[in-house]
Amino acid sequence: MTVSWNFLFKTDLSYFFALILHLLGTFVLFTIMMFLNHWLINWQTLLIFVIAYVIIWFVIRLTQEKDIRRINQQIKKRNG
């Protein structure tokens, strides 16, 4: 049995470029939030941002893969 690892939504951007673009956009919003609240931006806050981003990305990726597997199984049942 082969499992398709396609994403639910297609884009013309490569996955890596879309991820980097999202990371940069999220970082800009993070920086604006830090500035508006007069919170200190140092290496510790940057490290926390990166760790949180990676953890959230990993959880979302696993969830998407699980959903795609479930959808593919339902399609195979319906067609087969």
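## Handedness and overall make-up

A crossing of two helices is called left-handed if the near helix is turned anticlockwise from the far one by less than a right angle, and right-handed if clockwise. In this predicted model, local features need pLDDT of at least 70 and side-chain atom pairs count only at pLDDT 80 or more, while totals for chains, interfaces and linings use all residues. Residues are numbered from 1 along each chain as its sequence is written, and side-chain values use heavy atoms, with hydrogens and water left out.

The protein has two helices and zero strands (DSSP runs of H or I with at least four residues, and of E with at least two, numbered from the N terminus). Of its 80 residues, 9% are buried, that is, under 20% relative accessible area with a 1.4 Å probe, protein chains only.

## How the helices cross

The axes of α1 (residues 15-36) and α2 come within 12 Å and cross at roughly 135°, where axes are lines fitted to C-alpha atoms over the stretch in contact and angles run from 0 to 180 degrees between N-to-C directions. The crossing of α1 and α2 is right-handed.

Contact (heavy atoms within 4.5 Å) involves residues including Leu19, Phe27 and Met34 of α1 and Phe49, Trp57 and Arg61 of α2.

## Glu65 in α2

Glu65 lies in helix α2 (residues 43-79) and is buried, its relative accessible area being 17%. Its side chain makes a polar contact with the side chain of Arg61 at 2.9 Å, a term for a pair of N or O atoms within 3.5 Å in which, within protein, one must be able to donate a hydrogen and the other to accept it, and residues adjacent in sequence count only if both atoms are side-chain atoms.

Note on methods
Buried means under 20% relative accessible area, exposed over 50%, partly exposed in between (1.4 Å probe, protein chains only).
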